[in-house]
Amino acid sequence: MPSARHPLLIIFTLANLGLINITNANAQLPPPRVYQPLPIILGETVEDKLSNQDIPTGDGGFARDYAVNLKEKDRILIEIISDQFDTIVILMTEDGQTVAENDDAPDGSTNSLLFTTITTEGKYIIRVRSFALTGGGDFTIRVAKMQEIGVTP
């Protein structure tokens, strides 16, 4: 009799008895998703949607990531606007280290507004998620150099 230490033997035995179909078992699995942040360019505004099809945060919520190339001394603004959920924006290095984050904008809304100066040139990840890890919906993300929007150093 097969033991729990031989799970493949159990599977093959069930297949030989006609109780499961091995060929269809693999065909029903969706292909694995590869992590690939969406590209975004400085000066760009994008309308998007946060949903349960995005990156699971591990705490019941979801996140949507964007990749942006930044230069040393870039002074940037990242703005997330949504009337469907309470936004949070996190700027991370490519290896996942948090550089800066913001929950609520200074105007008292639940939108996010992040200002920061880049100290090291490279690829950065902008993560959009909802506060309290619940909710989602439509949002707008804007990424700009502060000089481009009329803010001088």
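1. Start with Phe85 and Phe139: both are buried. Keep in mind that this is a predicted model. The count of aromatic pairs comes to one, and these two rings make it: their centres sit 6.1 Å apart with the planes at 85°, so the pair is edge-to-face. The cut-off for that label is an angle over 60 degrees. Phe85 is in the loop between strand S5 (75-81) and S6, whereas Phe139 belongs to strand S10 (residues 137-145), so the pair ties together parts 54 residues apart in sequence.

2. Phe139 turns up again around Asp48. Which residues does Asp48 touch once its neighbours within four places in sequence are set aside? They are Leu38, Arg64, Tyr66, Gly137, Asp138 and Phe139. Asp48 itself is in strand S2 (residues 44-50). Its relative accessibility is 17%, and the cut-off for buried is under 20%, so Asp48 counts as buried.

3. Now for the polar side of Asp48. Its side chain makes a polar contact with the side chain of Tyr66 at 2.5 Å, and another with the side chain of Arg64 at 2.9 Å. The Arg64 and Asp48 side chains also meet in a salt bridge, again 2.9 Å from N to O. That pair links distant parts of the chain, with Arg64 in strand S4 (residues 62-70) and Asp48 in strand S2, 16 residues apart.

4. How many salt bridges does the structure hold? The total is six, and the Arg64 and Asp48 pair is one of the salt bridges. Another joins the side chains of Asp65 and Arg127, at 2.7 Å from N to O. Asp65 is in strand S4 and Arg127 in strand S9 (residues 122-130), so this pair ties together parts 62 residues apart in sequence. As for accessibility, Asp65 counts as buried at 3%, while Arg127 counts as partly exposed at 21%.

5. Asp74 and Lys145 form a salt bridge too, their closest N and O atoms being 3.5 Å apart. Here the distant parts are the loop between S4 and S5, which holds Asp74, and strand S10, which holds Lys145; the two residues are 71 apart. Asp74 has 8% relative accessibility and counts as buried. Lys145 is partly exposed, with a relative accessible area of 25%. One more thing to check in the viewer: salt bridges that share partners join Asp48, Asp54 and Arg64 into one network.

6. Strand S6 (residues 87-93) and strand S7 (residues 98-102) run antiparallel and are joined by four bridges. Which residue in S7 is the bridge partner of Met92? That is Thr98. The hairpin has four residues between the strands, and Gly96 takes a positive phi near 95°.

7. After that, look at the edge-to-face pair of Phe85 and Phe139, then at the salt bridge between Asp65 and Arg127.

Terms used: Residues are numbered from 1 along each chain as its sequence is written. This is a predicted model: local features need pLDDT of at least 70, side-chain atom pairs count only at pLDDT 80 or more; totals for chains, interfaces and linings use all residues. Side-chain values use heavy atoms; hydrogens and water are left out. Buried means under 20% relative accessible area, exposed over 50%, partly exposed in between (1.4 Å probe, protein chains only). A polar contact is a pair of N or O atoms within 3.5 Å; within protein, one must be able to donate a hydrogen and the other to accept it, and residues adjacent in sequence count only if both atoms are side-chain atoms. Contact means heavy atoms within 4.5 Å. Two strands pair if DSSP finds at least two bridges between them. Rings of Phe, Tyr and Trp (its six-membered ring) pair if their centres lie within 6.5 Å; planes under 30 degrees apart count as stacked, over 60 as edge-to-face and the rest as tilted. A salt bridge is a side-chain nitrogen of Lys or Arg within 4 Å of a carboxyl oxygen of Asp or Glu.
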